[in-house]
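Subject: Structure for you to look at

Hello,

Here is the structure I said I would pass on. Please open it first, then read the notes below with the model on your screen.

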Amino acid sequence: MKPISRRTLITTGVAAAAGASGLAVADRMARRYGLIPPDCHGIYGPGETLTYAAQRVLTTHSLAREFPRSMISKAPFANPTAPPTDGFKRLQAGGFSDWRLVVDGMVARPLSLSLADLRSLPVSTQITEVACEEGWSYVAEWIGNPLAHVLKEAGPLPQVRYMVYSSFDPEWWDSIDMADALHPQTLLTWGMNDGELPVSFGGPLRMRVPRQLGYKSVKYVVRLTATDSMKGFGKGLGSASPEGGYAWYAGI
């Protein structure tokens, strides 16, 4: 990705303010600098591109707000879900001893990690908010491994642009770019509020992307795939979310 100056960004922003023609200018600028989201096509494509490009220029290293323990939400929390399949229930009945996280794709060292393996890696905690586009939210403590540390074990190849993460439910998947994948607050979480991550909130493993809306924090994660292109994953839009009408990039 070529560096982009503040002057260029301001110029693009002024152009965008001019309306549809500005969006076209912004789209061309984003393409020039490689700031193109997978869902860049269609009627909303220029707007999605402008949003993503502006966020990447201005907030690549910014942090999501973290809260004191006194602000952790009281139970019950919003959006609990039932175990996704009978196969999952069988793993749950065995204490997830046979559960594995697979890391594959464009990596030097493909991995198959148990929960014990993950807990032996560097651990991080954060108290952040899950915010849903539909209006609900809650604050919780999340405990797990920075995704960057897991990727360091696997060794992504230099050309990798995206990390695809898939749920035990094959229709539930998403992806993030490498800026978010390597961000220190992006966690593979297996703990919540001083305990194990409950199954109803994504246990045994949930992705936490606190700089984006809640639907990016996919539950029941079982696979990470490094790739340089979203072609071949679903409809090529970057996740199941834009296939259902949501944006691929959901920055807060």
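Start with Asp177. Its relative accessibility is 6%, so Asp177 counts as buried, the cut-off for that word being under 20%. Please keep in mind that the model is predicted, not an experimental structure.

Asp177 belongs to strand 6, which covers residues 173-177. Leaving aside residues up to four places away in sequence, Asp177 touches Tyr52, Arg56, Arg161, Tyr162 and Trp248. The side chain of Asp177 also has a polar atom 3.0 Å from the backbone nitrogen of Asp180.

Tyr162 is part of strand 5. Is Tyr162 buried or exposed? Its relative accessibility is 5%, so Tyr162 counts as buried. Its side chain makes a polar contact of 3.3 Å with the side chain of Arg161. Again leaving aside residues up to four places away in sequence, the residues that Tyr162 touches include Ile36, Pro38, Ile176, Asp177, Thr225, Ala226 and Trp248. Take Ile176 as an example: Tyr162 and Ile176 are 14 residues apart in sequence, but their C-alpha atoms are 5.6 Å apart in space.

Now widen the view to the whole of strand 5, residues 162-167. How many of its 6 residues are buried? The count is 5, and the strand is mostly covered.

Strand 5 has a partner on each of two pairings, which you can trace one after the other:

- With strand 6, the pairing is antiparallel and runs over 5 bridges. A hairpin of 5 residues joins strand 5 to strand 6. Along this pairing, Val164 stands opposite Ser175, and Ser166 stands opposite Trp173.
- With strand 10, residues 221-227, the pairing is also antiparallel, over 6 bridges. Here Met163 stands opposite Ala226 of strand 10.

Last, some totals for the chain. It has 8 helices and 10 strands. Of its 252 residues, 47% count as buried. Looking at contacts between residues at least 6 apart in sequence, 67% join residues at least 24 apart. The accessible surface is about 12100 Å², and carbon and sulfur atoms account for 56% of that.

Regards

Definitions and conventions: Residues are numbered from 1 along each chain as its sequence is written. This is a predicted model: local features need pLDDT of at least 70, side-chain atom pairs count only at pLDDT 80 or more; totals for chains, interfaces and linings use all residues. Side-chain values use heavy atoms; hydrogens and water are left out. Buried means under 20% relative accessible area, exposed over 50%, partly exposed in between (1.4 Å probe, protein chains only). Helices (H or I, at least four residues) and strands (E, at least two) are DSSP runs, numbered from the N terminus. Two strands pair if DSSP finds at least two bridges between them. Contact means heavy atoms within 4.5 Å. A polar contact is a pair of N or O atoms within 3.5 Å; within protein, one must be able to donate a hydrogen and the other to accept it, and residues adjacent in sequence count only if both atoms are side-chain atoms. Accessible areas come from the Shrake-Rupley method with a 1.4 Å probe; for residues, only the protein chains shown count as cover.
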